[in-house]
Amino acid sequence: LFSQENQESRRIVELHSQTVFLSTVGIRLTDSNGNTDQCYNNNEDYYVTFFDTTCYYPNRLTAVIDELDIHPSDTLYIYDGPDSTYPVLFKGNNSNASTVLFDDVYSSNNVMTISIKTDGANVARGFSFNIVCKKICQEINMSWDSTFYKLVGEETVEREVVWDFEEKERYDSITGVF
């Protein structure tokens, strides 16, 4: 969780081509109109870079997605660095945004550039992100225990190591059933 108390809200058009150093509260970044009841404009090409020198592991500079409504002919980009030559963390619009709509976008080096490029055709309601230093989600590493234990009560009555994970019939020594 993060706090939005005293969080500054800024429009991408106001911050265009700037590098913004974040405070401990972060910033709320919105599209050019800054109001989800209105749409961003045609023919936009804005970008802003965020940088945080006080964000230390396990925390990362994060774009927490609040609103994301980008027309399929327009594109929103988030880069993992100070410009568009760095790896793309997110590239999307309404045709593919649902795959990350509920995810946070994390920077690996605490520098993040957000860019929107629109054409002259259609627009949508826009976007809103909270740019904050946030603890990254816990990584889950799955491991498979290949040993099968048959228990009766609290006692192990049979143990078998399974190396071949294909489904096979197993003989139950207690019930006599395969």
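Start with the salt bridges: there are 5 of them, counting a side-chain nitrogen of Lys or Arg within 4 Å of a carboxyl oxygen of Asp or Glu. Side chains of opposite charge can pair when their charged atoms come close. Before you click further, know that this is a predicted model, where local features need pLDDT of at least 70, side-chain atom pairs count only at pLDDT 80 or more, and totals for chains, interfaces and linings use all residues. Residues are numbered from 1 along each chain as its sequence is written, and side-chain values use heavy atoms, with hydrogens and water left out.

**Stop one: Arg 10**

Select Arg 10 and show its side chain. Glu 8 meets Arg 10 in a salt bridge, 3.0 Å from N to O. Glu 14 also reaches Arg 10 with its side chain, this time at 3.3 Å, N to O.

How exposed are these residues? Buried means under 20% relative accessible area and exposed over 50%, with partly exposed in between (1.4 Å probe, protein chains only). Glu 8 counts as partly exposed because its relative accessibility is 40%. Arg 10, at 25%, is partly exposed, and so is Glu 14, at 35%.

**Stop two: Asp 104 and Lys 134**

Now select Asp 104 together with Lys 134. Their salt bridge puts the closest N and O atoms 2.3 Å apart. This pair ties together distant parts of the chain, since Asp 104 sits in strand β8 and Lys 134 in strand β10, 30 residues apart. Lys 134 counts as buried because its relative accessibility is 15%.

Switch to cartoon view. Strands here are DSSP runs of E, at least two residues, and helices are runs of H or I, at least four, numbered from the N terminus; two strands pair if DSSP finds at least two bridges between them.

In what order do the 5 strands of the open sheet lie? Follow β1-β3-β10-β5-β8, with mixed pairing. β1 (8-11) and β8 (104-106) are at the edges; each has a single partner strand, so one side of each lacks a neighbour in the sheet.

Finish by selecting 59-69 and 126-135, which are β5 and β10: they run antiparallel and are joined by 10 bridges. For one example, pick Glu 67, whose bridge partner in β10 is Ser 128.
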